[in-house]
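Welcome, and please open the model in your viewer. We will go from stop to stop, selecting a few residues each time.

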Amino acid sequence: NGEIVVVGDDQNGGLLLKHAADVVRIEPPKTVWTKQSHNARAYGTDLLTLFIRKRKFPFPKSLYAVEDILRFVTSKPESIIIDYFAGSGTTAHAVMRLNRQDGRHRQCISVTNNEVGADEQKKLRKKGLRPGDPNWEQWGICDYITKPRVRAAITGRTPEGHPIKGDY
């Protein structure tokens, strides 16, 4: 609607944008994802199931939505992306896909805890387990979801060794 003007391209093919001179910004722009590939059910939850079949994670982001965001904000070929809430590992997965597509060398630092969900905690405590016990930690988000998903994205195989169908 004329609020943002394209002023050119950068050396990596990204758009250079600025606010139109006569536009006064009093609130940040709103973002609405309308692309089907940004659907979190299909390309978050369902896609994650391809990688770690029997493991559940609530509300993973769409791989392709994160990829598009990174494509927009990582114009430097050697960008370092820090994900302080790595969750299911979508950002690391998207960084690897982008590097494969354009031959760049972005890095991703994924930060997460190894927290166990509340329902799982109750079950583990009834068994006499506590945080730090190997039989507790194996169910934590990092060990149970993040690492297996990233490993599957790298190897093309599920934690059980099955090949993942498609090009992810």
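Leaving aside its neighbours within four places in sequence, which residues is Asn99 in contact with? Select Asn99 and look around: the partners are Arg104, His105 and Arg106. Contact here means heavy atoms within 4.5 Å.

Before moving on, a word on what you are looking at. This is a predicted model, in which local features need pLDDT of at least 70 and side-chain atom pairs count only at pLDDT 80 or more, while totals for chains, interfaces and linings use all residues. Residues are numbered from 1 along each chain as its sequence is written, and side-chain values use heavy atoms, with hydrogens and water left out.

**The whole protein**

Zoom out and colour by secondary structure. Starting at the N terminus, the order is β-β-α-α-β-α-β-α-α-α. Of the 168 residues in the protein, 31% are buried. Buried means under 20% relative accessible area, exposed means over 50%, and partly exposed lies in between (1.4 Å probe, protein chains only). Among contacts with a separation of 6 or more, 60% join residues 24 or more positions apart.

Now select residues 90-102, which form helix α3. Asn99 is found in this helix, and it counts as buried because its relative accessibility is 16%. The 13 residues of α3 reach 18 Å from the first C-alpha to the last, close to the 18 Å expected at 1.5 Å a residue. That expected span is 1.5 Å times one less than the number of residues.

Which residues of α3 are buried? They are Thr90, Thr91, Ala92, His93, Ala94, Val95, Arg97, Leu98 and Asn99. Just after α3, Gly103 takes a positive phi of about 70°.

**Ser79, in a loop**

Next, select Ser79, in the loop between α2 (63-73) and β3 (80-83). With a relative accessibility of 12%, Ser79 counts as buried. Not counting residues up to four places away in sequence, Ser79 touches Thr74, His105, Arg106 and Gln107.

**Where α1 meets α6**

Select residues 40-51 for helix α1 and residues 141-155 for helix α6. At what angle do α1 and α6 pack? The angle is about 75°, and the axes are 9 Å apart. Axes are lines fitted to C-alpha atoms, for helices over the stretch in contact, and angles run from 0 to 180 degrees between N-to-C directions. The two helices are therefore roughly perpendicular to each other, a label for angles of 65 to 115 degrees; under 35 is roughly parallel, over 145 roughly antiparallel, and the rest oblique. Show side chains for Leu47, Leu48 and Phe51 of α1 and for Arg149, Ala152 and Ala153 of α6, which make the contact.

**Two loops on either side of α1**

Asn39 sits in the loop between β2 (15-19) and α1. At 29% relative accessible area, Asn39 is partly exposed. Leaving aside neighbours within four places in sequence, Asn39 is in contact with Gly44 and Ser62. Draw a distance from Asn39 to Lys61: they are 22 residues apart along the chain, and their C-alpha atoms are separated by 8.3 Å.

Then pick Phe59, in the loop between α1 and α2. Phe59 is not a glycine, but its phi is positive, near 60°. Is Phe59 buried or exposed? It counts as exposed, at 77% relative accessibility.

**Strand β1**

Select Val7 in strand β1 (residues 4-9). Val7 and Leu17 are ten residues apart in sequence, with 5.7 Å between their C-alpha atoms. Beyond the neighbours within four places in sequence, Val7 is in contact with Leu16, Leu17 and Lys18.

**Last stop: Val116**

Finish at Val116, in the loop between β4 and α4 (118-126). Val116 counts as buried, at 4% relative accessibility. Apart from neighbours within four places in sequence, its contacts are Gln121, Leu124, Trp136, Trp139 and Gly140.

Methods
Helix = DSSP H or I, 4+ residues; strand = E, 2+ residues; numbered from the N terminus.
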